[in-house]
Amino acid sequence: MDDVIDVDGASNVVGLIGNFISFGLFLSPLPTFATILRNRDVERFAADPYVAAFLNCALWVLYGLPCVHPGSALVLTVNAVGAAIEAAYLCIYVAHAPRPRWRRVGELRALAAGLAFLGAVAAGVLLGAKTHERRSLVVGSVGVVFGTLMYAAPLTVVRQVVATRSARYMPFMLSLAGFLNAICWTTYAVMRRDVFIAIPNGMGTLLGLAQLILYFCYYENGTTAASSDKALELPVTATASDDGHNTSM
């Protein structure tokens with residue numbers, strides 16, 4: 001019994017640390033959005049990571065509800081905050097999205113489709129599943145997919161980084177925060193024996209490491225390009241991606 005109590009206490013400590021790291025992850029895109037606000041343009045940054053992170057946070061809020069998976073207050077709180085922050089990022093992005101309008105509409109359609117899917121999952125689980133175990137199974141299984149996609153979202157920039165040989169549009173702090181966040185929540189999940197949290201964050205650890213390796217491979221070229229680019233105030237908008245954002249989970 002003492003061992004169980006020790007494990008629970010240790011996992012709570014790890015979860016609290018994970019919350020702080022997750023907050024850092026959520027706030028790490030601030031320099032990116034400062035640039036967007038300053039230039040009144042999203043440049044080559046794409047909304048994919050923020051859409052993925054928002055939907056991921058929203059799903060894990062559902063997972064952390066007492067009626068779905070009791071005893072997951074740390075999961076619930078950090079993802080509720082994350083969903084609010086990601087929603088703010090998306091509002092800023094959409095407000096400064098480029099013309100023509102099709103790109104903005106396309107991104108909004110992806111967000112709307114994701115929200116509709118989450119609504120269907122929530123309704124089906126809360127109305128159709130009668131036990132916590134079944135609710136946790138359904139939402140957790142979907143969470144594995146959403147969490148993995150969130151961590152993989154920043155990798156959409158790989159083609160651009162390799163093609164331009166520049167890491168300018170792969171912010172280091174976001175990649176680092178995502179990597180540390182994934183390690184922390186993987187540890188928490190192992191201690192709690194929660195496979196649904198362990199799988200996406202385990203994948204996130206590997207994907208985060210891949211992002212950091214890619215960043216350092218092209219770091220010098222990225223800084224050189226940034227210092228020599230004289231047309232950044234009027235950039236040519238492309239469909240490449242920027243950074244990732246993690247939910248936390």
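This is a predicted model: local features need pLDDT of at least 70, side-chain atom pairs count only at pLDDT 80 or more; totals for chains, interfaces and linings use all residues.
I'll start with helix H3, residues 48-64, and its two partners.

Partner one is H4, residues 73-95. The two axes come within 8 Å and cross at roughly 150°. Anything over 145 degrees counts as roughly antiparallel, and H3 and H4 are therefore roughly antiparallel to each other. As for handedness, H3 passes H4 in a left-handed crossing. Who's touching whom? On the H3 side you've got, among others, Tyr50, Phe54, Cys57, Trp60 and Val61, and these belong to a contact with an H4 set including Leu76, Asn79, Ala83, Glu86 and Leu90. Sorted by class, that contact of H3 with H4 has 16 nonpolar, 3 polar and 1 charged residues.

Now partner two, helix H6, residues 132-152. Here H3 and H6 pack at an angle of about 160°, and their axes are 9 Å apart. That again makes the pair, H3 and H6, roughly antiparallel. The H3 and H6 crossing is left-handed. From H3, the contact uses residues including Ala52, Leu55, Asn56, Leu59 and Leu62, while H6 brings in Ser136, Val139, Gly143, Phe146 and Met150, among others. The class count for H3 with H6 is 13 nonpolar, 5 polar and no charged residues. If you're colouring by contact, look out for Trp60 and Tyr63: both are listed in the H4 contact, and both turn up in the H6 contact.

While we're on H6, let's zoom in on Thr148, which lies in that helix. Where does its side chain go? The Thr148 side chain reaches the backbone oxygen of Val144, at 2.8 Å. Leaving out residues up to four places away in sequence, Thr148 touches Pro200, Met203 and Leu207. And the C-alpha atoms of Thr148 and Gly204 are separated by 6.5 Å, with the two residues 56 apart along the chain.

That takes us over to H9, residues 195-217. At the N-terminal end, Asp194 caps H9, with a side-chain oxygen 3.1 Å from the backbone nitrogen of Phe196.

That's my tour, thanks.

Note on methods
Residues are numbered from 1 along each chain as its sequence is written. Side-chain values use heavy atoms; hydrogens and water are left out. Axes are lines fitted to C-alpha atoms, for helices over the stretch in contact, and angles run from 0 to 180 degrees between N-to-C directions. Helices (H or I, at least four residues) and strands (E, at least two) are DSSP runs, numbered from the N terminus. Angles under 35 degrees count as roughly parallel, over 145 as roughly antiparallel, 65 to 115 as roughly perpendicular and the rest as oblique. A crossing is left-handed if the near helix is turned anticlockwise from the far one by less than a right angle, and right-handed if clockwise. Contact means heavy atoms within 4.5 Å. Ala, Val, Leu, Ile, Met, Phe, Trp, Tyr, Cys and Pro count as nonpolar, Asp, Glu, Lys and Arg as charged, and the others, Gly among them, as polar. The expected span of a helix is 1.5 Å times one less than its number of residues. A polar contact is a pair of N or O atoms within 3.5 Å; within protein, one must be able to donate a hydrogen and the other to accept it, and residues adjacent in sequence count only if both atoms are side-chain atoms.
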